[in-house]
Amino acid sequence: EVNVEKNLIDTYDAQVDSALRPSLLDEFVGQSELKSQLRVVLQAAESRGEPPDHLLFAGPPGLGKTSLAFIVAEELGRGIRVTSGPALGRVGDLAALLSDLKAGDVLFIDEIHRLPRPVEELLYIAMEDFRLDVVIGKGPGARTLRLEIPRFTLVGATTRSGMVSGPLRDRFGYSYRLDYYGDEELRKVVLRSAKLMHMQLTQAAADEIASRSRGTPRLANRHLRRVRDYAEVEGIAKITDELASDALALFGVDKLGLDKVDLEILRVLCERFTGRPVGLSSIAVSVHEDAGTLEEVYEPFLIQRGLLLRTQRGRLATERAYHHLGYPPPSPEGQ
Ligand code: ADP
């Protein structure tokens, strides 16, 4: 049973994503450390006949956090309820959801770092003692109503692990930080999706798509669909690397898979502050993103790809970044 709160999954991409979403742990590509740990957690709980501990998945968007929540429910043979931090604006929203759970259900809360404080406090007790303390009325006449709720497993996801409060983090029995996928893993994602979409694709074409996908399965799937569109219009059945490359160029997908914000960050470093280290907050102002998101969502990828350096004096673009944007790297004396 899948029950999706309506304001979470409403985009076209999310719908197509769900068609390609792995539903069992074995179908989940890569992340071998995470998978073997999760297998142990799930099997141990099953053999005890209890729902597993609450699970927290952190990491940039599109790496598979939501998929993992669905996989956990599927592997356990339980139902899943899906919601998000911003959708749970009031204590009553969470209380209604919790009191409607069946024993052993998985409750998935995306963007869990965005729960308002009172809602988060209600969640603490629910996670720990499987009960709800609901205050009815106001002032001296107020009463606390205590409700038992069935044992459930909370799966939390966050792109901003630094913003998950200590008390909330402590209540998860297992947490894992997902990192960007390597090109080899992404190629497997592409080939898997191509098969599901009945596409014919050479290995080289899969590599071409993978290398432009920013280490992110969701982007790999999105790019694959654009390549399919292109091939259909061109009337070509078998997709080669050349065709994939032409298709992605047409849709403005950067050779290294960089997105708009990635490119803006590099432009600030290479054009505006050429050769000088720049503080995180200055970059944030220039690219209109908040500093935390830059630090947790964008920078890790740029660093991993050797385009950006974090130094004590600030951020620096690497020679590779200058080349990528088509600028000569600054002379060392100029720094
Ligand atoms: P997140 O919740 O981290 O933003 P999702 O779980 O929604 O990411 O993943 C987006 C899409 O990417 C999924 O629907 C699925 O098609 C694909 N995907 C993500 N991780 C994997 C994986 N490890 N193996 C195969 N496909 C994946």
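T66 touches F108, D110 and A157, leaving out residues up to four places away in sequence; two residues are in contact if their C-beta atoms, placed from the backbone, lie within 7 Å. This is a predicted model, in which local features need pLDDT of at least 70, side-chain atom pairs count only at pLDDT 80 or more, and totals for chains, interfaces and linings use all residues. Residues are numbered from 1 along each chain as its sequence is written.

T66 lies in helix α3, residues 65–76. Helices (H or I, at least four residues) and strands (E, at least two) are DSSP runs, numbered from the N terminus. T66 counts as buried because 24 other C-beta atoms lie within 10 Å. The cut-offs are 20 or more other C-beta atoms within 10 Å of a residue's own for buried, 12 or fewer for exposed, and partly exposed in between, with C-beta atoms placed from the backbone. S67 is also found in helix α3 and is buried, with 21 other C-beta atoms within 10 Å. Beyond its neighbours within four places in sequence, S67 is in contact with R21, P22 and F28.

The UniProt annotation "binding site" (unreviewed entry) lists L20, R21, G62, K65, T66, S67, E128, D129, F130, R171, Y181 and R218. They span 199 residues in sequence and their farthest two C-alpha atoms are 36.8 Å apart, so they do not all gather at one spot. UniProt positions are given in the numbering used here, feature names are shortened, and annotations may be inferred rather than shown by experiment. Of the listed residues, R218 lies in helix α9, residues 217–234, and is buried, with 22 C-beta neighbours inside 10 Å.

UniProt also lists R310 and R315 under "binding site" (unreviewed entry). R310 is in strand β11, residues 308–311, and R315 is in strand β12, residues 314–317. R310 is partly exposed because 14 other C-beta atoms lie within 10 Å, while R315 is buried, with 24 such neighbours inside 10 Å. Leaving aside neighbours within four places in sequence, R310 is in contact with I303 and R315. With the same exclusion, the contacts of R315 include L269, P277, V278 and R310.

Helix α7 covers residues 183–196, and its end C-alpha atoms are 20 Å apart, which agrees with the 20 Å that its 14 residues should span at 1.5 Å a residue. The expected span is 1.5 Å times one less than the number of residues. Buried residues in α7 include L186, V190 and S193. α7 is followed by H198, whose phi is positive, near 55°.
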